[in-house]
Amino acid sequence: MVDSADDGGSKGNARRQFLKAGLGAAGGALAVAGGARAAEPDPLITEVQDWTRYLGKGVDATPYGLPSQYESDVVRRSVPWLTADAKSSVNFTPLYALDGTITPSGLCFERHHGGVAVIDPADHRLMIHGMVERPLVFTLDDLKRFPRENHVYFLECAANSGMEWRGAQLNGCQFTHGMIHNLEYCGVPLRYLLEEAGVKPQAKWLLAEGGDASLMTRSIPMEKIMDDCLVAFKMNGEALRPEQGYPIRLVVPGWEGNMWIKWLRRLELGDRSWEQREETSKYTDLLADGVARRHTFVMDVKSVITNPSPQAPLTHGKGRTVLTGLAWSGHGRIAKVDVSIDGGRNWSEARLEGGSSKGAYRFYHDFDWDGAELFLQSRAIDEDGNVQPTKDRLRAERGENSIYHNNGIQTWHVRADGVTENVEVS
Ligand SMILES: Nc1nc2c(c(=O)[nH]1)N[C@H]1C(S)=C(S)[C@@H](COP(=O)(O)O)O[C@H]1N2
Ligand SMILES: [Mo]
């Protein structure tokens, strides 16, 4: 809208319009909700700023690029009371600060049971033995001579959202849902290596072992190995980060993160599951009747709203609002995500962007906020027709003892002042 009270000729008019457009971009929601308001000249536009007055740093100032200094709060974070020691601990991906589907390499949550192993790739070996015709050892260079593939997959720790089983606890999607990352992997299908070794017919399971101080071991059934597992050496186009298992890690698409053995060094073929610590006392789900579900490998359909959320409150006031989040399913593709702003009474279908089978999808719901409190929920449905359950339904089926495999619907309460909190509406 052009202010016609003073007259500066057509040039002046154009300049005032430009000023108002600038203000609109800075405070868009207010302008939409509140209508026109008087434009104040903005010194950020009318005055010359330092970054236009002086030359910046030249090329090579930062041979390996880093985020802007203004993004320094976008970091992995841990919850100190969760674990006794950082060497066997976890930190969380800052989901509230990210968009799109790919997790930046430096922001991937970390879960280690014996700290980060530091391995010179020249000294790394991968051994295949047990029920095979020819026990083999591969160097990294050997692996790079097999045909390789690129795929985007999510990795979710089965304990993600585990603290939320009995009710709302941690205030932020970084902490409630941040034990997930979604990366583009480059690696060799594991079946090519097993074909090279010659799998004996009686072999039905594979034991994968890590080369870190925890020597983490998991048993994986042969059908999965032959289907889509990879021995990966790249993530997001560059070498794996040390935290993610450099120089090689096992990729087990759609299955619980614990099976994705890092610093992979040994593969043993056998005729039954090994029943290691991580598949007996851990990563099993104790039901109400005392029986434990086990071999719950697939990560079920799940979603979470990342904005608004407790760490990303609605500070812009009423009017134009973008709600966004992530959805994923270990069964394959996401078919649909519904969102509710009234605690699950009414649902509308969100807009999906990007995504891949057993990879994360981004969803958006654009709406006009009337300024009243909101109860935000998202509900994902995958291509097999699996529907993300309410937490009540999950507890009715599995009791109150579980930690792992909580894929229940999350609720965020947005207050009229925009402050957002973790609550449960089931
Ligand atoms: N060798 C080894 N592999 C491991 C682990 C480990 O401690 N050692 N932790 C597992 C667990 S419990 C999870 S959830 C994932 C975490 O992968 P990330 O650190 O890339 O997030 O790695 C798995 N693979
Ligand atoms: Mo995990």
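This is a predicted model: local features need pLDDT of at least 70, side-chain atom pairs count only at pLDDT 80 or more; totals for chains, interfaces and linings use all residues.
Which residue of E16 is the bridge partner of asparagine 307?

**The domains**

Begin by colouring the protein by its domain assignment, which gives domain 1 as residues 9-53, domain 2 as 81-293 and domain 3 as 302-423. If you then show domain 2 and domain 3 together, you will find their C-alpha centres 27 Å apart, and the contact between them takes 32 residues from domain 2 and 33 residues from domain 3. On the side of domain 2 that touches domain 3, select strand E5 (149-156), helix H6 (173-177) and strand E13 (285-286), the elements that each give two or more residues; H6 gives the most, with 4 residues. Coloured by class, this side of domain 2 has 17 nonpolar, 11 polar and 4 charged residues.

**The annotated spans**

Next select residues 113-274, where an unreviewed UniProt entry places the feature "domain: Oxidoreductase molybdopterin-binding". The span is 15% helix and 34% strand, and its end C-alpha atoms lie 19 Å apart. The UniProt annotation "domain: Moybdenum cofactor oxidoreductase dimerisation", also from an unreviewed entry, covers residues 296-410, a span that is 7% helix and 40% strand, with end C-alpha atoms 22 Å apart.

**Around ligand 1**

Now centre the view on ligand 1 and show the 21 residues around it, of which His113, Cys157, Gly210, Gly257 and Lys262 come nearest. By class, this shell has 8 nonpolar, 8 polar and 5 charged residues.

**An open sheet and its edges**

Move on to the open sheet of 4 strands whose order is E15-E16-E20-E19, with antiparallel pairing. Strand E15 (302-307) and strand E19 (351-353) stand at the edges, and because each has a single partner strand, one side of each is left without a neighbour in the sheet. Neighbouring strands of this sheet are turned by 30° against each other on average, with direction ignored.

Zoom in on E15 and strand E16 (residues 319-328), which run antiparallel and are joined by 5 bridges. Here the opening question finds its reply, for the bridge partner of asparagine 307 in E16 is threonine 324. Asparagine 307 is also joined to proline 308 by a cis peptide bond, with omega about -5°, and proline 308 lies in the loop between E15 and E16.

Most residues other than glycine have a negative phi, and most peptide bonds are trans. With that in mind, select tyrosine 246 and proline 247, which are joined by a cis peptide bond with omega about 10°; proline 247 is found in the loop between strand E10 (238-239) and strand E11 (249-251). Then select aspartate 60, which has a positive phi of about 75° although it is not a glycine, and which lies in the loop between helix H4 (50-53) and strand E1 (89-90).

Notes:
Residues are numbered from 1 along each chain as its sequence is written. Chains are lettered from A and ligands numbered from 1 in the order in which they are written. UniProt positions are given in the numbering used here, feature names are shortened, and annotations may be inferred rather than shown by experiment. A residue is near a molecule or strand if its C-beta atom, placed from the backbone, lies within 6 Å of it. Ala, Val, Leu, Ile, Met, Phe, Trp, Tyr, Cys and Pro count as nonpolar, Asp, Glu, Lys and Arg as charged, and the others, Gly among them, as polar. Domain bounds come from an automatic or database domain assignment. Two residues are in contact if their C-beta atoms, placed from the backbone, lie within 7 Å. Two strands pair if DSSP finds at least two bridges between them. Axes are lines fitted to C-alpha atoms, for helices over the stretch in contact, and angles run from 0 to 180 degrees between N-to-C directions.
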